Amino acid sequence: MIVSAMAIDCKQSVRAHSTAPDPDREAIPTPPETAGVALAARVQAAIEALILDGSIAPGERLNEIALARRLGVSRGPVREAARALERSGLVTVIMNRGAFVRMLAVDEAIDTYELATLLFAQAGRQLAMAAGAAQALELAGLVDEMDRAIAAVDRERFFELNTLLHRRIVEMAPNRRIEAAYLEQTKALRLFRRRSLEPVANMAASNAEHRRLVEAILAGDGEQARARAEEHGRAGRGRFLAAIAYRNPAPPPALAEPEHGGVDQRTG
């Protein structure tokens, strides 16, 4: 029995050590191509997060040396991430000058709002006709939590939940192409949506619109959900336009778009 117990203990020890990392043991190398792709994706995600939370401001140059040091990588992955972020619409690369966080022209921002609204409205209509009980409870819970963030004047939490609610509605809707297109369009909008939600009154108005939309989804009324989503999109565009009317600092000369006028996207 003693031998058997010792054997079991040894087996358990072997299993434990086979699953736990051993700092003294040389790691099995990841194939170079796979490792490179994974590293590039991590660097891109990290820089994107810095842009979207305002740590790197619109119009600001991506400092390759500083970012590489901050992320613990060489400059190569940072440069590669900048090219990928240009394709996604968050960065503008200027020949011989570097990569800059993009600044949208006002008319381009409005066009993006309109397209995103149409996609969101269609997602709401489809979801209303397909939502299950668990999905309905999740959406209602998010709206309630946003009300609590408003009461606490917690703008960061409200903005986080606002983004999550919109994303969950398009994710729950049974159309993956709408989801992909909506998320791609709204990525750029997130750069300046914060500004339109800064006043507490705007947060309250936005969440009242959310509640009416979610109620239509819960009722299974596709057309009403579509109408409420469109109403929310139009109201959001109006809040954005009102926000830039009273605070619109001039963009850096290299990035100015004089034919339309640039939009500071840090908080809108």
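This is a predicted model: local features need pLDDT of at least 70, side-chain atom pairs count only at pLDDT 80 or more; totals for chains, interfaces and linings use all residues.

Colleague: Which residues of helix 6 and helix 7 make the contact?

Modeller: From helix 6, Gln 135, Glu 138, Leu 139, Leu 142, Val 143, Glu 145, Met 146, Ala 149 and Ile 150. From helix 7, the list includes Phe 158, Leu 161, Leu 165, Arg 168 and Met 172.

Colleague: How do the residues of that helix 6 and helix 7 contact divide into nonpolar, polar and charged?

Modeller: There are 12 nonpolar, two polar and four charged.

Colleague: At what angle do the axes of helix 6 and helix 7 cross?

Modeller: Roughly 165 degrees, and the axes come within 9 Å. Helix 6 is therefore roughly antiparallel to helix 7.

Colleague: New topic. Are helix 7 and helix 9 roughly parallel or antiparallel?

Modeller: Roughly parallel. Their axes cross at roughly 25 degrees and come within 12 Å. Helix 7 covers residues 155-172, and helix 9 covers residues 200-218.

Colleague: What is the handedness of the crossing of helix 7 and helix 9?

Modeller: That crossing is left-handed.

Colleague: Which residues in helix 7 and helix 9 meet?

Modeller: Arg 155, Phe 158, Asn 162, Leu 165, His 166 and Ile 169 are on the helix 7 side. Helix 9 brings Val 200, Met 203, Ser 206, Asn 207, His 210, Leu 213 and Ile 217.

Colleague: And how many residues of that helix 7 and helix 9 contact are charged?

Modeller: One is charged, with seven nonpolar and five polar.

Technical notes: Residues are numbered from 1 along each chain as its sequence is written. Side-chain values use heavy atoms; hydrogens and water are left out. Axes are lines fitted to C-alpha atoms, for helices over the stretch in contact, and angles run from 0 to 180 degrees between N-to-C directions. Helices (H or I, at least four residues) and strands (E, at least two) are DSSP runs, numbered from the N terminus. Angles under 35 degrees count as roughly parallel, over 145 as roughly antiparallel, 65 to 115 as roughly perpendicular and the rest as oblique. A crossing is left-handed if the near helix is turned anticlockwise from the far one by less than a right angle, and right-handed if clockwise. Contact means heavy atoms within 4.5 Å. Ala, Val, Leu, Ile, Met, Phe, Trp, Tyr, Cys and Pro count as nonpolar, Asp, Glu, Lys and Arg as charged, and the others, Gly among them, as polar.
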